[in-house]
Amino acid sequence: MSVRTQPTESAPHRAGFACFVGRPNAGKSTLTNALVGQKVAITSNRPQTTRHTVRGIVHRPDAQLILVDTPGLHKPRTLLGERLNDVVRATWAEVDVIGFCLPADQKLGPGDRFIAKELAGIRKTPKVAIVTKTDLVDSKTLAEQLIAVDRLAQELGFEWAEIIPVSVVGGKQVQLVADLLVPLLPDGPALYPEGDLTDEPEQVMVAELIREAALEGVRDELPHSIAVVVEEMIPRENRPKDRPLLDIHANVYIERSSQKGIIIGPKGQRLKEVGTKSRKHIEALLGTPVFLDLHVKVAKDWQRDPKQLRKLGF
């Protein structure tokens, strides 16, 4: 007797939120961008660059997966650090599934245990371990890491819903991540219109692109010290319809006057490069030519000052 399976049309549509957590620089933003297929989260080889939860939206015929990117959870040294950790915990409480990113090329350390311990306390939400950067290791090292990740959950008294090795750079198993996250989402209609890739306000995204360009190639002490605020975005008046121009005025804030020279560079060359590089990404994001006006300002010790943090959007 032949058994007929139900046609796939009858499978329910799913929609929900997943968030990637992990130590700083574990590959969370890179994975978000790869799944969405476009740059929505800033990536940098400097740890601790994500400060806002960016929602990347993956549209599929069977589901809508909304990815919430969080800052790396870490032992905080400043008020900014504490606020970033609060953002992470608030996000975990609201999502349908949590993906814990662990790089394949780094042995599990105290930072990973710190996060795993927190995850163990979240009983109801399914947790998926995503072992990233698998292109950087051989198969033996990868196998050892997968076993260590499995053991970590056992020691803390919970179970991974899935363990997925992935390499964004090598293009391996990226789609599998989405395939395995989708069944863990609740049934429901799409939550965002087709074509939307993020619900992050444009001004915030523009500021993040400028900050990403400003972070490139600067010394190690600067990443935490840079904040960018877009003061205004206004279409240039009296332009022909077929040649619009958007004027963007933005301030790059640093903590000390001595850092100004690092950002501006000799004869302003470095700031010019930041403007050129970020303008390309901004034009691609907004789909319009842009005039970018950048100024570097000092906001003394802003990471430790509640008033300054509020002003800079934290």
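**Overview of the chain.** Of this chain's 314 residues, 47% count as buried, meaning under 20% relative accessible area, with over 50% called exposed and values in between partly exposed (1.4 Å probe, protein chains only). The model is predicted, so local features need pLDDT of at least 70 and side-chain atom pairs count only at pLDDT 80 or more, while totals for chains, interfaces and linings use all residues. Residues are numbered from 1 along each chain as its sequence is written, and side-chain values use heavy atoms, leaving out hydrogens and water. The secondary structure comes to nine helices and nine strands, taken as DSSP runs numbered from the N terminus (helices H or I, at least four residues; strands E, at least two).

Strand β1 (residues 14-21) pairs with β4 in the parallel sense over four bridges, where pairing requires at least two DSSP bridges between the strands; A18 has V97 as its bridge partner in β4. Strand β5 (residues 127-132) also runs parallel to β4, joined to it by six bridges, and C101 finds its β5 partner in I130.

**Close-up of the largest nonpolar core.** This core has 24 residues, and those with the most contacts inside it include I98, F100 and W160. A nonpolar core is a set of buried Ala, Val, Leu, Ile, Met, Phe, Trp, Tyr and Cys residues joined through side-chain atoms within 4.5 Å. Two or more residues come from each of β1, α2 (79-92), β4, α3, β5 and α4 (139-155). Leaving aside residues up to four places away in sequence, I98 touches C19, V21, W92 and L119, among others, a contact being heavy atoms within 4.5 Å.

**Close-up of the aromatic cluster.** Meet F100, F158 and W160, which form one aromatic cluster. Rings of Phe, Tyr and Trp (its six-membered ring) pair if their centres lie within 6.5 Å; planes under 30 degrees apart count as stacked, over 60 as edge-to-face and the rest as tilted. F100 and W160 make a tilted pair, 6.0 Å centre to centre with 45° between the planes. The pair links distant parts of the chain, with F100 in strand β4 and W160 in the loop between α4 and β6 (162-165), 60 residues apart. The F158 and W160 ring planes stand at 80° with centres 5.0 Å apart, so this pair is edge-to-face.
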